Amino acid sequence: MTGTRARRVLGAWVVAAFAVVSFAAAASVWDGVYTEAQAKRGEAVYVQRCAVCHQPDLEGGDMTPALVGGVFTANWNDLPLSDLFDRIRITMPLDSPSTLSRAQTADVVAFLLKSNKWPAGETDLPRELEPLREIRIQALKP
Amino acid sequence: MRNGLAALALVIGLLWVVVGVSAQAGQPSTSRGEWPHYTADLKGTRFSPLDQINASNFNKLEVAWRFKTDNFGPFPEYKLEGTPLMIGGVLYTTAGTRRSVIALDGKTGELIWAHSYREGKRAAAAPRQLSGRGVAYWTDGKGDERVLYVTTGYRLIALNAKTGAMINSFGTGGVVDLKVGVVRGIGQQINLETGEIGVHSTPTVVRDMVIVGSSMREGATVPTHNNTKGLVRAFDVRTGKMVWRFSTIPGPGEFGNNTWEDDSWAYNGNVGVWNQITVDEELGLVYLPVETPSSDYYGGHRPGDNLFAESLVAVDLKTGQRKWHYQLVHHPLWNYDMPAAPILGDVVIDGKPRKVVAQLTKQAWAYVLDRVTGQPIWPIEERPVPQSDVPGEKSARTQPHVTKPPAYAREFLRVPDDLVDFTPDLRAKALEIIKRYKVADTPFNPPILGDVNGTLGAIVPATATNWPGGGYDPENGILFAPAGNTFGSRTLVAPPQGFSDIRYVSGIGGRPFVEVFGPGDCCAADAGRRTREELPQSPAAVKAPPVPGLAIDGIPVVKPPYGLLAAMDLNRGTLLWQAPHGDTPDNIRSHPLLKGANIPKTGQPGTSGVGLMVTRALVVMGDPQITTPPGRPRGAMLRAYDKKTGQEVGALLMPAIQSGSPMTYLVDGKQYIVVAVSGGNYSGEYLALALPDSELTR
């Protein structure tokens, strides 16, 4: 192994290790995984595309599940945030599924996190599935 | 000993081959380990005489195979509700947002064939979408085998059960257009593409006929009371030709027409038959569970009792002529539509053999009638009920009240006895909340004009039993009913200008108006039908406070159990037992207000939405809600109960909630259970369970 190549490999390991550390640092929805500004953008999308069924207060209706409260958080408890993201991306809104962009979906998820009183942080929730897989939904504060 | 067991296994195997061969020559039956109807048999029992899986080994069940339905439509389905049929070792069912039909190998889950029918806008406009509940099967016993189902766009299609090919000699190229002949108003044919009608339930095959019901949009906030009129039709299973038709809203000169005062039969619709239809072949009677007229909670445009809405109607198998009817609710105002297949049982009452039909309901009563005559087996009393004060409404003076068996869940709210008492503070808060509602000591508490600053609504059962219905053990005369055990409220509001020709629809004064969409009223393949413009809302309403619901920070205002499984002895008309169904929801178990309180197993409020199956050994039903209690991974359980005591004798972890009722069958000496699971993060899957081979030879 040449010195340059060894340095490159070592560099990659350092980056990887750093990534693991940073994911470990943001491992659950309690760790500030979205920003206030993002939740605000998500709210605008929600009002336009989701509120007709899930209600402006996210409480759901006769035929629509609530997106806040204990039943919602229990239903998604212990799952990676990517599962919630994908469920919305694939099937919502029900009358024209898959019409929200990934960025809009991430914004809506941020709004749902805020509505369930999970704290905001410094960086936007990503729109890529891989990092979302590393964030766990935990109903109760660990 | 080992050799002896091997020999026994061989004999059993040979017997099975012999029985299997003779089964092919005749009609399929649960007695041969098959499951030939959605409800197991024509009597609606969901009963199989199998007992290889029993209390001693239920917890040893393992996943035999899984079948994921994601690609049977342009996007995955998260509400898979089917119960497969099993005939001759092959499963037949529906799958996916396209409502495809699939045939699977019962031993392995391998796909044998798949069929789909593309309907474009017609499917997208359908009021009852997604994969539905499954299919029906017919055979002449001589090799002609057919699978029949109704598409999302309301077409009846016949398929060759061996290949999945459409049967050309049936209807037109294998298709009967069920919208042809369906009317609204006075005999006005509905539009074949956009006309409102569909159905989730499976057709009923009896002899050489296939019987199909009808379903319209969810009726809480509909644009007109003059929508499609309900009907049931029977077709020749060979040709697709109509044999008979029963119209649920009688026309002039027909029996019951005078129960639509002011000629209101002419300009009202719905009254569908959306659930499973059952049959007594011997008596030649077909039992129709008929539903609500438009609209669900306001009847001001349809004065009178409104026959045959919310009635059980027995019609002649050969002609479709009405033989008798029993109206469970006069002038319906509660959406107490018949939510379950009528169940037929033969019992001994006061020493006399009786043929009965039992109807489970949203109002937690089992109505038990003589199924020959339609007369109640035990007294059902017409009692005066509270009257509506909603302008234009003329509620019925009396309603039938069941006296026996006792209600199998809460049929009305008892204040304060039913209210939560985990702590004195919670009881006090519950009493405060209830003061804002109107209560009555009957399920027939009429809807009010609720206002967010005044009385919020009329308290009614939140739905005891819903579409999955119940089951019945014919060997012991036991009727099983899944039941939600909490409450909801009914309130009406004038709809926004231009929304509807109905004077009042579901809603509350002082809050933004919200249109109620039914499940599957939205989301099929080719979806995208919503074109209605945004509704005008008053700025004051938009800013109004939310309506406080019937819960205290997520804790229901009523005591547990929130959901239960009930068993009734139909020989005696008694309640045998009620068992809370499902683990205590996480948000209750770990609620900060309940720290230190002794919380029993509460069961789960969504229990109205799960169904069951009955075997010679057990009654089996899955959880409607995901939980993560200490000591086991996140998930929902498939539970087995002792039929006589209600004691839970086994529970298996499933990856998602039970979204379709379980069924069971035997192939090559091995018993399987198949159940549809889906919801939340988990897309539709048929999950097959069986005992490991090591358990079978022991």
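**Close-up views of a predicted two-chain model**

Figure 1. Residues B:K435 and B:E432 both belong to helix α3 (residues 424–435) of chain B, where they stand three residues apart, about one turn of the helix. In this predicted model, the two side chains form a salt bridge whose closest N and O atoms are 2.8 Å apart. B:K435 is exposed, with a relative accessibility of 62%, whereas B:E432 is partly exposed at 47%. Side chains of opposite charge can pair when their charged atoms come close.

**Figure 2. A salt bridge between two loops of chain B.** The side chains of B:E261 and B:K394 meet at 3.0 Å, N to O. This pair links distant parts of the chain, the two residues being 133 residues apart. B:E261 lies in the loop between β16 (242–247) and β17 (278–280), and B:K394 in the loop between β24 (380–384) and β25 (398–402). B:K394, at 53%, counts as exposed.

**Figure 3. A buried salt bridge of chain B.** B:D280 and B:R371 form a salt bridge with an N to O distance of 2.7 Å. B:D280 is part of strand β17, while B:R371 is in the loop between β23 (367–370) and β24, 91 residues away in the chain. B:D280 is buried, with a relative accessibility of 3%, and B:R371 is also buried, at 0%.

**Figure 4. A network of charged side chains in chain B.** Salt bridges link B:D583, B:K601, B:D623, B:R632, B:R639 and B:E648 in a network. Over all chains, the structure holds 44 salt bridges.

**Figure 5. The interface of chain B and chain A.** Here 30 residues of chain B are in contact with 22 residues of chain A. In chain B, the residues that lose the most area to chain A are B:Y78, B:R634 and B:N681, which together account for 22% of what that side buries. The two chains bury about 2200 Å² between them, and 62% of this area is on carbon and sulfur atoms. One salt bridge is counted between the chains; the side chains of B:R511 and A:D57 meet in a salt bridge at 3.7 Å, N to O. Five residue pairs are in polar contact across the interface. The side of chain B that touches chain A comprises 13 nonpolar, nine polar and eight charged residues.

**Figure 6. The fold of chain B as context for the close-up views.** Chain B has six helices and 42 strands. Its radius of gyration is 25 Å, close to the 26 Å that the globule rule gives for 698 residues, so chain B is as compact as a globular protein of that length. The C-alpha atoms fill a box of roughly 80 × 65 × 55 Å along the principal axes. Of the 698 residues, 64% count as buried. Among contacts between residues at least 6 apart in sequence, 64% join residues at least 24 apart.

Key: Residues are numbered from 1 along each chain as its sequence is written. Chains are lettered from A and ligands numbered from 1 in the order in which they are written. This is a predicted model: local features need pLDDT of at least 70, side-chain atom pairs count only at pLDDT 80 or more; totals for chains, interfaces and linings use all residues. Side-chain values use heavy atoms; hydrogens and water are left out. Contact means heavy atoms within 4.5 Å. Buried area is the accessible area (1.4 Å probe) that two parts lose on being put together, summed over both. A salt bridge is a side-chain nitrogen of Lys or Arg within 4 Å of a carboxyl oxygen of Asp or Glu. A polar contact is a pair of N or O atoms within 3.5 Å; within protein, one must be able to donate a hydrogen and the other to accept it, and residues adjacent in sequence count only if both atoms are side-chain atoms. Ala, Val, Leu, Ile, Met, Phe, Trp, Tyr, Cys and Pro count as nonpolar, Asp, Glu, Lys and Arg as charged, and the others, Gly among them, as polar. Helices (H or I, at least four residues) and strands (E, at least two) are DSSP runs, numbered from the N terminus. The radius of gyration is taken over C-alpha atoms; the globule rule is 2.2 Å times the number of residues to the power 0.38. Buried means under 20% relative accessible area, exposed over 50%, partly exposed in between (1.4 Å probe, protein chains only).
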